[in-house]
Amino acid sequence: MPVPPSSSRVPGAGSPPGPGQALLLVDDHEDNLFALEHALSPLGRPVLRATSGEQALKTVLREPVAAVVMDVVMPHIDGLQTLDYLHRLDQTRDLPVLLVTGTSRDNQLAQLAYKLGAAGILLKPLDPWALCCHVRTLADLYTRTPPTA
């Protein structure tokens, strides 16, 4: 999938951070998106959904997003590839991405996620309160930090 050059600016993307910025949930299974949305509802932030890495990339370039919660295993472009694309673009380089996976503990996966700049990786089944704590902290820190030039 072609990715816009890092210097491109898209209207609406890279908006000044603020508390109304949405959370982007990315998973190729609708039931997982529903569960994530329900678990994160106490945070009171708007929620956007994407069912693929491609859709996630388009969404973050069009909408102000405070944090991304993304499944690792997805068809076509997986969560790690999407994370890599996000961190190559100027306007999304600092966007916090929390990865979730249903695979067992995997040190190679964790190392790669770390190397690509993941804000964290959680194993399913997720504890809803732990998820809320992680996402709230990431979103609050991101929305209080001025974007890098």
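1. Start with the pocket. The second largest pocket holds about 150 Å³ of space. The model is predicted.

2. Which residues line the second largest pocket? They are D27, N32, A35, L36, A39, V100, K124, P125, L126, D127, P128 and L131. Helices α1 (30-40) and α5 (128-144) are the elements that each give two or more residues to this lining. The largest share, 4 residues, comes from α1.

3. Now sort that lining by class. It has 8 nonpolar, 1 polar and 3 charged residues.

4. V100 leads us from the pocket lining to strand β4, residues 97-101. Is this strand mostly covered or mostly open? It is mostly covered: 5 of its 5 residues are buried. V97, L99 and T101 point one way from β4. L98 and V100 point the other way. Both sets are buried.

5. Look next at strand β3, residues 65-71. It pairs with β4 in the parallel sense, over 4 bridges. M70 stands opposite L99 of β4. Between β3 and β4 the chain passes through helix α3 (residues 79-88), and this β-α-β crossover is right-handed.

6. β4 also pairs with strand β5 (residues 120-123). The sense is parallel, over 4 bridges. Which residue of β5 is the bridge partner of V100? It is L122.

7. To check in the viewer: find V100. This residue is buried in β4, has L122 as its bridge partner and belongs to the lining of the second largest pocket.

Methods
Residues numbered from 1 in each chain as written. Predicted model: local features only at pLDDT ≥ 70, side-chain atom pairs only at ≥ 80, totals over all residues. Heavy atoms only, no water. Buried < 20%, exposed > 50% of the residue type's maximum accessible area, 1.4 Å probe, protein only. Pairing = 2+ DSSP bridges. Right-handed = clockwise from strand over helix to strand, strands pointing away. 1 Å grid on protein atoms, 1.4 Å probe; cavity = no way out; pocket = protein on both sides within 12 Å on 5 of 7 lines; lining within 4 Å. Points joined across faces, edges and corners; volume = space filled by probe spheres on them. Nonpolar A, V, L, I, M, F, W, Y, C, P; charged D, E, K, R; others polar.
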